[in-house]
Amino acid sequence: MKRPSVLAPSAAPGGRRMLVAGLVAALSLGIAVAGTTGAKAAGSAPVASSSPAPPPGTTLGTAAARSGRYFGTAISASKLGDSAYTTIAGREFDMVTPENEMKLDATEPRQGQFVFTAADRIFDWAVQNGKRVRGHTLVWHAAEPSWLQSLTGSALRQAMIDHINGVMSHYKGKIYAWDVVNEAFSDSTGGRRDSNWQRTGDDWIEVAFRTARAADPAAKLCYNDYNIENWSWAKTQGVYDMVKDFTSRGVPIDCVGFQAHFSSLTPYSADFRTTLQNFAALGVDVQITELDIQGAPATTYANVVNDCLAVPRCAGITVWGVRDPDSWRSMDTPLLFDGNGGKKPAYTA
Ligand code: GLA
């Protein structure tokens with residue numbers, strides 16, 4: 001099978017200046033930033049003492065913190081009893097995204113009855129280990145519980161608003177950023193994806209964002225999608241036009257999440273940096289939210305990291321799982337740690 005295309009890293013003139021700019025930007029946004037010694041960010045919850053603290057600057061999280069950024073991972077509640085898993089996750093990452101536990105079917109399995117058992121397990125583990133949390137996700141066409149699939153029109157619209165309020169009030173003031181809407185655009189046309197949400201009217205996304213802002217003004221509000229990394233793709237342009245429209249009309253949006261699930265079918269392209277720059281120029285943060293790369297080529301991982309470092313408003317990177325067998329696409333061995341917890345070449349790159 002064809003490997004994901006690996007492109008030569010483009011030169012990063014003024015890389016250090018960019019790092020400093022990123023640090024300054026983070027500071028001006030009030031983001032806790034660890035010092036150049038790699039010390040833990042102030043104000044975070046105490047770090048669990050089960051394993052000895054690594055020397056400064058030797059983990060993904062501390063390396064990212066040196067430029068005011070974070071390095072996160074998806075966490076699955078079902079794996080929190082696996083000490084090999086929690087040892088790596090606890091040591092390496094400073095941001096956590098629940099892989100499935102905050103999705104709609106998990107948090108509101110019956111209309112109006114909210115369940116946070118699994119989501120809270122992850123949230124509590126993250127905070128107890130000094131990590132921040134990305135909320136994922138409030139409104140998505142997948143992972144819909146059956147009660148919701150039978151709703152249409154104004155009943156569905158109201159259910160969306162009630163869901164956002166119910167989940168965000170539970171975590172009010174405690175979430176770094178929410179993926180308010182996930183994957184609302186069509187892969188081919190650059191327009192909206194057909195979905196039950198879309199059939200409630202074109203304004204559903206902005207209603208979701210306005211509802212989210214009122215529910216928790218402290219959380220950054222993100223639009224999150226896949227196949228929007230390549231600047232030349234129609235889908236990228238469609239999302240860009242929406243964000244441009246939102247920022248020009250004052251619809252509250254703070255960030256765009258680029259899932260970055262790269263494979264031979266949807267390979268990394270060197271213009272990802274251009275995409276990040278262009279979105280950031282609209283006045284939003286950009287975040288790489290679900291990174292995994294088929295075969296985990298070291299050069300491609302390094303390219304993605306350098307793309308983020310080159311854009312001051314690229315706040316951080318999240319990989320979509322800890323070890324290869326933890327991945328939703330484990331056959332692709334797309335992550336930074338192998339099944340034995342060993343660091344792969346991409347880790348060091
Ligand atoms: C999308 C979603 C994620 C996850 C992956 C597959 O990228 O945003 O939550 O479901 O698909 O694991």
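View 1. The model is predicted: local features need pLDDT of at least 70 and side-chain atom pairs count only at pLDDT 80 or more, whereas totals for chains, interfaces and linings use all residues. Residues are numbered from 1 along each chain as its sequence is written, and side-chain values use heavy atoms, with hydrogens and water left out.

View 2. A polar contact is a pair of N or O atoms within 3.5 Å. An N or O atom in the side chain of Glu290 is 2.4 Å from a ligand oxygen atom. For Asn182, a polar side-chain atom lies 3.0 Å from an oxygen atom of the ligand; for His261, the corresponding distance is 3.2 Å. On its own the ligand has 300 Å² of accessible area (Shrake-Rupley method, 1.4 Å probe), of which the protein covers 89%.

**View 3. Contacts of Val181.** Leaving aside neighbours within four places in sequence, Val181 is in contact (heavy atoms within 4.5 Å) with Thr137, Val139, Trp204, Ile205, Ala208, Phe209, Cys222, Tyr223 and Asn224.

**View 4. The disulfide of Cys222 and Cys255.** The structure holds two disulfides, each defined as a pair of cysteine sulfur atoms within 2.5 Å. One of them joins Cys222 to Cys255, with an S to S distance of 2.1 Å. The torsion about this S-S bond is about -90 degrees, so the disulfide is left-handed.

Methods
Polar contact = N/O pair within 3.5 Å; in protein donor to acceptor, adjacent residues only side chain to side chain.
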